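This report covers charged contacts, aromatic contacts and overall layout, in that order.

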Amino acid sequence: MDEIAVRWGSVEDGSAIGRVLGLNSMSERDVPKETYIVAEERGEILAVGRCLLARKRLVLGTLAIDPGAGEHSFAVALYSGVGNLVQEMGLREVWANCDEHREYLLEAGYHRRVGGWRLDTTRSPNEYERLPERGWRRV
């Protein structure tokens, strides 16, 4: 089985994003104006999620997944992959407002909160580098 890659959508992906949205009866009219995260397998975009950046967080809209692809694997990959992309940007959290994908959100590490589903992207103290054995270094 090929691995699913999750990345930011680009201008060149506009027609593929529009195709996936159209397969899900969603409007493709605003694709050039919006920001999307895409999940692809073997170079073909099979799932997309519209997103909005707001105050140190990313708000993820409803996902659109190609009906011919495996919904479960693409939804979980996209929801968890968003967390990695956001962490690289230095944002603190991801919010998703989609209750219809409850089991996918739980599997990807999201927690139910008032107002939606939240994924914390800050590092835990265990993930930071350890201090040198001799203590603090002077700069």
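By the rule that a side-chain nitrogen of Lys or Arg lies within 4 Å of a carboxyl oxygen of Asp or Glu, the count comes to eight salt bridges. The model is a predicted one: local features need pLDDT of at least 70, side-chain atom pairs count only at pLDDT 80 or more, and totals for chains, interfaces and linings use all residues. Residues are numbered from 1 along each chain as its sequence is written, and side-chain values use heavy atoms, with hydrogens and water left out.

**Salt bridges**

Side chains of opposite charge can pair when their charged atoms come close.

| Pair | N to O distance |
|---|---|
| Arg 7 and Glu 40 | 3.1 Å |
| Arg 19 and Glu 44 | 3.8 Å |
| Arg 57 and Glu 93 | 2.8 Å |

Arg 7 and Glu 40 form a salt bridge with an N to O distance of 3.1 Å. This pair links distant parts of the chain, with Arg 7 in strand S1 (residues 5-8) and Glu 40 in strand S2 (residues 35-41), 33 residues apart. Helices (H or I, at least four residues) and strands (E, at least two) are DSSP runs, numbered from the N terminus. Burial is stated by relative accessible area: buried is under 20%, exposed is over 50%, and partly exposed is in between (1.4 Å probe, protein chains only). Arg 7 is partly exposed at 25%, whereas Glu 40 is buried at 15%. Arg 7 and Glu 40 also belong to a network of salt bridges that includes Asp 13.

A salt bridge also joins the side chains of Arg 19 and Glu 44.

Arg 57 and Glu 93 meet at 2.8 Å, N to O. Arg 57 is partly exposed at 32% relative accessibility, while Glu 93 is buried at 10%.

**Negative patch**

Glu 71, Glu 100, Glu 103 and Glu 107 gather in a patch of negative charge on the surface. Such patches are made of residues with over 30% relative accessible area and no salt bridge, like charges being joined within 9 Å. Glu 71 is found in helix H2 (residues 71-89) and is partly exposed, with a relative accessible area of 41%.

**Aromatic pair**

The structure holds one aromatic pair, a term for rings of Phe, Tyr and Trp (its six-membered ring) whose centres lie within 6.5 Å; planes under 30 degrees apart count as stacked, over 60 as edge-to-face and the rest as tilted. Tyr 79 and Tyr 110 form this pair, which is edge-to-face, at 5.7 Å centre to centre and 75° between the planes. Tyr 79 lies in helix H2 and Tyr 110 in the loop between helix H3 (102-107) and strand S6 (111-113), so the pair ties together parts that are 31 residues apart in sequence. Tyr 79 is buried at 0% relative accessible area, and Tyr 110 is buried at 1%.

**Overall layout**

The chain contains three helices and seven strands, in the sequence pattern β-α-β-β-β-α-β-α-β-β. Of its 139 residues, 38% count as buried.

Notes:
Patch = residues over 30% accessible without salt bridge, like charges linked within 9 Å, V, L, I, M, F, W, Y side chains within 5 Å. Areas by Shrake-Rupley, 256 points an atom, 1.4 Å probe, with all protein chains shown as cover. Lys, Arg positive; Asp, Glu negative; His and termini not counted. Charge placed at Lys NZ, Arg CZ, Asp CG, Glu CD.
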